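I opened my notebook to look up two things in this structure.

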Amino acid sequence: MRDCQVNLTIKNGKISIDSKDTGIQEVAFFCGVLEQSLGYIGYKNGASIEEIKTSMLDIHLGAMQDLEKQIRAEEKDGKI
């Protein structure tokens with residue numbers, strides 16, 4: 001895995017993200033670490049492992065649906 005950087009910013013209630021030298025392998029690694037960390041926090045706050053897994057899967061599937069819609073719209077508009 002190569003060195004890379006991902007920056008998440010929340011400003012005025014909006015989240016933005018930018019990255020440098022980040023490929024799919026690095027993105028997957030970041031996502032896994034973030035999900036595990038947030039899942040652990042949820043567990044410490046009383047959620048069961050099954051609740052955490054279900055919630056994380058729902059979030060992942062919803063995000064991928066939104067990504068597909070975004071890509072299709074940008075392709076249609078000639079942005080990508």
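Entry 1, terms. I am reading a predicted model, where local features need pLDDT of at least 70 and side-chain atom pairs count only at pLDDT 80 or more, while totals for chains, interfaces and linings use all residues. I number residues from 1 along each chain as its sequence is written, and side-chain values use heavy atoms, with hydrogens and water left out.

I looked up the largest pocket and found a volume of about 910 Å³. Of its 23 lining residues, Ile 17, Val 27, Cys 31, Leu 34 and Glu 35 are the closest to the centre. I noted the rule: on a 1 Å grid over the protein atoms alone, a pocket is an open set of points where a 1.4 Å probe fits, with protein on both sides within 12 Å along at least five of seven lines, and lining residues have an atom within 4 Å of a point. The volume is the space filled by probe spheres set on the points, which are joined across faces, edges and corners.

Which classes make up the lining? I found 15 nonpolar, six polar and two charged residues. Strands E1 (5-11) and E2 (14-20) and helices H1 (24-44) and H2 (49-76) each supply at least two lining residues. H2 gives the largest share, nine residues. Helices (H or I, at least four residues) and strands (E, at least two) are DSSP runs, numbered from the N terminus.

I counted four salt bridges, each a side-chain nitrogen of Lys or Arg within 4 Å of a carboxyl oxygen of Asp or Glu.

Glu 26 pairs with Arg 2, with the closest N and O atoms 3.6 Å apart. Glu 26 lies in helix H1 and Arg 2 in the segment before E1, so the pair ties together parts 24 residues apart in sequence. Is Glu 26 buried or exposed? Glu 26 is buried, at 4% relative accessible area. Arg 2 is partly exposed, at 46%. The cut-offs are under 20% for buried, over 50% for exposed and in between for partly exposed (1.4 Å probe, protein chains only).

Lys 53 pairs with Glu 50 at 3.3 Å. They sit three residues apart in helix H2, about one helical turn.

Glu 75 meets Arg 72 at 3.7 Å, N to O. Shared partners join Glu 68, Arg 72 and Glu 75 into one network.

Key. Nonpolar A, V, L, I, M, F, W, Y, C, P; charged D, E, K, R; others polar.
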